[in-house]
Amino acid sequence: MKLIARRTLLATLLALPATAALAAPLTLGFSQVGAESEWRTANSASIKAAAKEAGITLKFADAQQKQENQVKALRSYIAQKVDVIAFSPVVESGWDTVLKEAKAAGIPVILTDRAVKVADPTLYVTFIGSDFVEEGRKAGRWLLERAAKTPNAALNIVELQGTVGSAPAIDRKKGFEEVIKTNPKLQIIRSQSGEFTRAKGKEVMESFLKQRDKKIDVLYAHNDDMAIGAIQAIEEAGLKPGVDIVIISIDGVRGAFEAMKAGKLNVTVECNPLLGPQLMQLAKDVVAKKPVEKRITVNEGVYPAEVAAKELPNRKY
């Protein structure tokens with residue numbers, strides 16, 4: 001009787017569709033920009049940990065800040081027939097062809113952290129990340145409030161932009177300029193890319209400081225790593241960062257809070273990198289063909305130096 005029962009159970013399992021038996025784990029192909037900053041490192045760690053926790057097979061590729069590397073990675077994922085592709089694009093444009101290939105293969109695409117400009121918005125299912133324009137506005141509003149305390153003073157601003165052509169660099173500049181233009185005494189006198197890296201941020205700030213035609217009152221950096229690099233350059237020039245030059249940056253990494261606690265940075269606008277859990281749930285929903293929002297924005301705050309010491313122990317990145 002036991003033998004008959006086992007044969008009956010085996011026959012039943014063989015007759016079931018694959019999904020009703022032991023379903024294979026979902027496979028996610030993810031292409032990361034690189035490891036250019038504390039923020040990016042935390043973002044990658046969050047994605048890897050969340051995939052493991054969710055039981056998702058993750059195929060992870062580091063593009064080293066090169067678009068051609070990302071295109072190769074995406075085509076590799078298409079060839080491997082992954083269930084879903086997610087990536088954080090190096091730059092906004094130039095994605096139409098490879099995304100059409102993914103769509104033709106029936107593989108849904110999720111954008112994380114950075115958006116793209118494509119002729120057909122159906123080439124990706126959803127975008128999850130920050131509102132970079134609003135981050136720039138928050139930085140600008142903080143400066144407006146500070147400038148209002150000395151209404152007759154003119155402030156010369158230098159800007160460290162992110163990677164040329166990237167969504168955060170374009171949008172953080174746009175949002176900041178949109179706000180500060182309401183005060184004609186706030187002027188950006190120099191603006192150059194620091195490529196989102198600490199080393200390049202230091203190098204460009206050194207160049208700004210050597211141009212002595214106008215005094216620098218404010219530094220606006222598109223991320224904390226460039227700001228921290230610039231702080232080194234300011235100190236080496238014999239000036240006090242955060243005092244002689246007001247420093248505003250974006251991301252909210254631990255390094256920025258440590259710099260604020262030391263009195264070397266004045267404010268950081270938060271950009272949350274811990275998107276892993278939300279991304280994994282999105283991947284599951286998309287593969288299951290559940291409806292999702294086209295754009296999902298995370299909630300973020302503004303942290304001036306006054307709260308740095310209290311907030312530092314709470315930072316997870």
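Let's start inside a sheet: I157 stands opposite V218 in strand β8. Keep in mind that this is a predicted model. Now the strand around it.

Strand β6 covers residues 155-161. How many of its residues are buried? Seven of the seven, so β6 is largely enclosed by the rest of the structure. Take the two faces in turn. On one side sit L155, I157, E159 and Q161, and they are buried. On the other sit N156, V158 and L160, buried as well. Note that E159 is on that list of buried residues.

Next, the partners of β6. Seven bridges join β6 to β7, residues 186-193, and the two run parallel. Within that pairing, L160 stands opposite Q192. Towards β8, four bridges make the link, again parallel.

Zoom out to the sheet. Six strands make it up, in the order β7-β6-β8-β9-β10-β12. The sheet is open, and its pairing is mixed. Which strands stand at the edges? β7 and β12, the latter at 302-304. Each has a single partner strand, so one side of each is left without a neighbour in the sheet. From one strand to the next, the twist averages 15 degrees.

A helix packs on this sheet. That is α5, residues 132-147. α5 touches β6, β7, β8, β9, β10 and β12. Its direction makes about 155 degrees with that of β9.

One of the pairs is F176 with Y220, and it is stacked. The centres are 3.9 Å apart, with 15 degrees between the planes. What does this pair tie together? F176 lies in helix α6, residues 167-180, and Y220 in strand β8, residues 218-221, so the pair ties together parts that are 44 residues apart in sequence.

Two charges over rings, quickly. K48 lies over the face of F60, at 4.4 Å from the ring centre. The charged end of R315 sits over the ring of Y303, 5.1 Å from its centre.

Now D224. Its place is in helix α8, which runs over residues 224-236. Why does D224 count as buried? Because its relative accessibility is 0%, and the cut-off for buried is under 20%. Which residues does D224 contact, leaving aside neighbours within four places in sequence? S249, I250, D251, G252, V253, A256 and T268. Of these, S249, I250 and D251 fall within β9, residues 246-251. T268 falls within β10, residues 267-270. One more distance: D224 and R198 are 26 residues apart in sequence, and 8.3 Å apart in space, C-alpha to C-alpha.

There is a second sheet. Its order is β2-β1-β3-β4-β5-β11, six strands, open, with parallel pairing. The edge strands are β2, at 57-62, and β11, at 295-297; each pairs on one side only. The twist averages 20 degrees from one strand to the next. Inside this sheet, four bridges join β1, residues 27-32, to β3, residues 84-87, running parallel. G29 has I85 as its bridge partner in β3.

Last, the whole chain. There are 11 helices and 12 strands. Of the 317 residues, 51% are buried. Along its principal axes, the C-alpha trace spans about 95 × 40 × 30 Å. The accessible surface comes to about 15200 Å², and 54% of that belongs to carbon and sulfur atoms.

How values were computed: Residues are numbered from 1 along each chain as its sequence is written. This is a predicted model: local features need pLDDT of at least 70, side-chain atom pairs count only at pLDDT 80 or more; totals for chains, interfaces and linings use all residues. Side-chain values use heavy atoms; hydrogens and water are left out. Buried means under 20% relative accessible area, exposed over 50%, partly exposed in between (1.4 Å probe, protein chains only). Contact means heavy atoms within 4.5 Å. Two strands pair if DSSP finds at least two bridges between them. Axes are lines fitted to C-alpha atoms, for helices over the stretch in contact, and angles run from 0 to 180 degrees between N-to-C directions. Rings of Phe, Tyr and Trp (its six-membered ring) pair if their centres lie within 6.5 Å; planes under 30 degrees apart count as stacked, over 60 as edge-to-face and the rest as tilted. A charge sits over a ring if NZ of Lys or CZ of Arg is within 6 Å of the ring centre and within 35 degrees of the ring normal. Accessible areas come from the Shrake-Rupley method with a 1.4 Å probe; for residues, only the protein chains shown count as cover.
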